[in-house]
Amino acid sequence: MGTREPTAVKKTAVGALVAAEIVSVFGTRMTYLALPWFVLVTTGSPGKMSLVLAAEIAPMALLGIPSGMLVERIGSRNTMLIADFARAPVLASIPLLHAAGMLSFGLLLGVVALLGCFMPPYFASQRIILPELVGEDERLMSQGNSLIEGGSAFAALIGPASAGMLIPFIGASNVLYVDAATYLVAFVLVLTFVPRRKPVETPARPKALAGVRFLLADKLLGPLAAVVVGFGLVMPGIAAGLPVYAFDAFEGNARIAGLFYAALGAGALVGSLLAVMAVRRVAPLRLSAFAMLAFAVPLWVLPFLPPWPVVFAALFAAMLCTPLINGPLIAVLTSRTPDGLRAMTITAVISLNTLAAPLGFLVAGQVLEHWGVVPLFTAVVAGVTWMAIAYGAIVLRNRDVDAPVADQLAA
């Protein structure tokens, strides 16, 4: 009994993390469609829509690195609880203010920016708590990350489709109430089922830029972080282009836009199931490199603006690869980073990824305003392909680093 109880507690805690992710992402993915759709309907401006998306990303980039110090100080569990509990009323204020006729565009930007402040510490806490629950084994962390990715993907599958069905009946602004409620459900799940852990004790608290310095000094993680910045610049073009494409090409049909986002979730869900099995057989970095190249290929159909079923299939095929990229990559990052620097390093990577995203959204908005979706999609897929090749080259150059991991997985 003494050996089973801790294992049962860990499984329950991991299950609660996955459940909280499903509930929270379900609402978030509804908002992922509802918010830009709301801006398009009320303003008719892709530029303003992209500005709202940039406003949500900008605080993540600016505050991400300092937020790592908060995670180190109060612990990952407490950080997750605070983030979920705080985001519920902030998000609910958008439809409340809109119903009262008090929601100006400037105020909308401010509320969305406030929401973005909670994302980096929450994401980092969600990953940092995994070693406490499953131990330091890289394979188990990869599987745990893949399960979280799978929960997120499942919610991403049903969330946008649900939003696409609800928007014509209750309006895009009212869909935001559902997202606000999901944060409270996630809060209860973590509070009830994830055990309290003490923050990692270190001889001295790391400084704000300790994670960045660690990345720059590491011959593997530093170059990978540079590629992450590149993806942060180009990928907002997909997020900005899809709702505009659906809005313009399919007569404002929110259901088509919902199907596009559902394809992203469906692909990631299937990919997460593959990732749980694949990490047992393939070294994490090699797996992520192959998946990165495979991710870029189907996106090349987007500049041709094919019928929506082709777009659906292409998005599904691309997102099938993302859990095979993210789970192994995060596991390598976590295992390669000392305990006392994990929060700082992971939030640094998140911040570096989002640092270029506001610029990416702003550029995408201008391209959409002046030239449309074809030039935007062309630039995005070309950039993704270049980044995938660069990622593969980094992994190939550091294959000796990955070799011990492969040996460990085979053992």
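Me: Which residues line the second largest pocket?

Reply: In this predicted model, the second largest pocket is lined by L233, V234, G237, G360, V363, A364, V367, P375, L376, A379 and V380, and its volume is about 160 Å³. Three helices, α9 (221–234), α16 (357–370) and α17 (373–397), each supply at least two residues of that lining.

Me: How do you know how many residues of this lining are nonpolar, polar or charged?

Reply: Val, Leu, Ala and Pro count as nonpolar, whereas Gly counts as polar, and on that basis the lining divides into nine nonpolar, two polar and no charged residues.

Me: Why is α9 called roughly antiparallel to α17?

Reply: The two helices, α9 and α17, pack at an angle of about 170 degrees, with their axes 10 Å apart. Because angles over 145 degrees count as roughly antiparallel, α9 is roughly antiparallel to α17.

Me: Which residues make the contact between α9 and α17?

Reply: From α9 come P223, L224, V227, G230, F231 and V234, while α17 brings V380, G383, V384, M387, A388, A390, Y391, I394 and R397. The residues of this contact divide into twelve nonpolar, two polar and one charged.

Me: Why does L305 count as partly exposed, rather than buried or exposed?

Reply: The relative accessibility of L305 is 31%, and since buried means under 20% and exposed means over 50%, with partly exposed in between, L305 counts as partly exposed.

Me: Where does L305 lie, and what is its phi?

Reply: L305 lies in the loop between α12 (284–296) and α13 (308–319), and although L305 is not a glycine, it has a positive phi of about 45 degrees.

Methods. Residues numbered from 1 in each chain as written. Predicted model: local features only at pLDDT ≥ 70, side-chain atom pairs only at ≥ 80, totals over all residues. Heavy atoms only, no water. 1 Å grid on protein atoms, 1.4 Å probe; cavity = no way out; pocket = protein on both sides within 12 Å on 5 of 7 lines; lining within 4 Å. Points joined across faces, edges and corners; volume = space filled by probe spheres on them. Helix = DSSP H or I, 4+ residues; strand = E, 2+ residues; numbered from the N terminus. Buried < 20%, exposed > 50% of the residue type's maximum accessible area, 1.4 Å probe, protein only. Axes fitted to C-alpha atoms, helices over the stretch in contact; angles between N-to-C directions. Parallel < 35°, antiparallel > 145°, perpendicular 65-115°, else oblique. Contact = heavy atoms within 4.5 Å.
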